[in-house]
Amino acid sequence: MELPLVVGVDGSEPSLRAVDWAADEAALRGVPLRLVHASLWEWYEGAALAEDLGKPSEQVLADKIVDGAARRAHSRQPDLKVSTEVVPEEPEYALVREGRGASALVLGSRGRGDIAEFLLGSVSLTVAAHAHCPVIVLRGRHDKQTQPATHGRVLLGVGKEAHDSAAVRFAFEEAERRGAVLEAVRAWRCPAHESTDHPLLAGEPARLHEQRAAETLEAALNEAAEKHPSVRLHRRTAEGPARKVLLDASATADLLVVGARRHKGTFGLQIGRVAHTVLHHSACPVAVVPDTA
């Protein structure tokens with residue numbers, strides 16, 4: 001059974017652009033698209049009734065939201081199988097639960113206006129930090145997010161525990177589907193206490209850290225590279241904080257992929273600092289791919 005690509009819709013412009021992006025992605029993957037709107041209208045049955053339909057006004061609005069999103073998806077991908085559902089629940093809980101039966105979740109940033117679009121809404125952040133499937137959040141300047149991929153590049157941030165990780169596998173699969181180059185980046189830094197002013201030793205600590213980064217990168221990618229020989233792979237190490245390295249590189253990528261560790265029995269946001277930062281500031285869509293510890 002093909003797991004659908006699930007999109008959270010709330011009627012906002014960012015969520016509608018997420019529908020556009022997800023429709024293209026579902027068509028690329030050859031899977032159905034599922035549109036979910038989480039609404040608490042059942043809690044407010046005392047609200048004014050929509051006399052023509054005999055339903056609470058909030059339910060009428062919810063139905064219009066999902067119906068409009070479905071028409072938009074069909075207009076973009078006419079042959080796509082699309083289903084809709086209105087769920088009487090808080091959106092964070094509803095979407096995390098939906099993720100258990102999804103190939104991936106797609107969300108808008110939930111920002112509104114020129115300034116707010118650079119910030120990430122609490123729903124998107126919470127879902128990205130708890131979902132059991134990949135979560136793709138549309139980031140960057142949204143006016144170009146619904147266009148076909150323009151850079152032909154998938155960017156993968158490789159962490160220290162990335163050997164055969166779900167994020168690595170996801171990045172290779174996305175690059176293969178898109179016919180895109182996969183640029184895998186491992187950032188490294190030389191701690192200040194390891195530096196030296198001695199002319200014969202200058203640069204040695206830095207070279208050691210760079211070599212370790214290259215070895216980590218190689219170990220993380222080898223198995224997936226063998227399984228996806230058609231993917232054009234560029235390996236790169238870069239000096240600096242991983243957050244800054246990935247944010248700079250996201251300006252010329254169509255998708256940024258990062259991993260997130262899920263620790264069983266742990267409460268709170270299960271997302272690292274790097275993923276948290278790129279979700280807020282990336283110049284392209286971000287895929288957070290969970291691994292269970």
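In the predicted model, strand β2 (residues 33-38) is joined to β5 by 6 bridges, and the two strands run parallel. Within this pairing, Ala38 has Val87 of β5 as its bridge partner. Strands of a sheet pair through backbone hydrogen bonds, in either a parallel or an antiparallel arrangement.

The pairing of β2 with β5 belongs to an open sheet of 10 strands, in which the order is β5-β2-β1-β6-β7-β12-β11-β8-β9-β10 and the pairing is mixed. The edges are formed by β5 (82-87) and β10 (233-239); each has a single partner strand, so one side of each lacks a neighbour in the sheet. From one strand to the next, the twist averages 25°.

Helix α9 packs on this sheet, where β7, β11 and β12 are touched by the helix. The direction of α9 makes about 145° with that of β11. The buried residues of α9 are Ala275, Thr277, Val278, Leu279 and His280. These buried residues pack against the strands β7 (135-137), β11 (255-262) and β12 (286-292), and also against the helices α5 (122-130) and α8.

Two packed helices are described by the angle between their axes and by the distance between the axes. For helix α8 (residues 242-249) and helix α9 (residues 273-281), the axes come within 9 Å and cross at roughly 30°. The crossing of α8 past α9 is right-handed. On the α8 side, the contact is made by Ala242, Arg243, Leu246 and Leu247, and on the α9 side by Arg273, Val274, Thr277, Val278 and His281. Sorted by class, the contact of α8 with α9 has 5 nonpolar, 2 polar and 2 charged residues. Thr277 and Val278, which take part in the contact with α8, are also among the buried residues of α9.

The relative accessibility of Ser15 is 2%; because buried means under 20%, Ser15 counts as buried. When neighbours within four places in sequence are left aside, Ser15 is in contact with Gly8, Val9 and Asp10. With Asp10, the side chain of Ser15 makes a polar contact to the side chain at 3.0 Å.

Notes: Residues numbered from 1 in each chain as written. Predicted model: local features only at pLDDT ≥ 70, side-chain atom pairs only at ≥ 80, totals over all residues. Heavy atoms only, no water. Buried < 20%, exposed > 50% of the residue type's maximum accessible area, 1.4 Å probe, protein only. Polar contact = N/O pair within 3.5 Å; in protein donor to acceptor, adjacent residues only side chain to side chain. Contact = heavy atoms within 4.5 Å. Axes fitted to C-alpha atoms, helices over the stretch in contact; angles between N-to-C directions. Helix = DSSP H or I, 4+ residues; strand = E, 2+ residues; numbered from the N terminus. Left-handed = near helix turned anticlockwise from the far one by under 90°. Nonpolar A, V, L, I, M, F, W, Y, C, P; charged D, E, K, R; others polar. Pairing = 2+ DSSP bridges.
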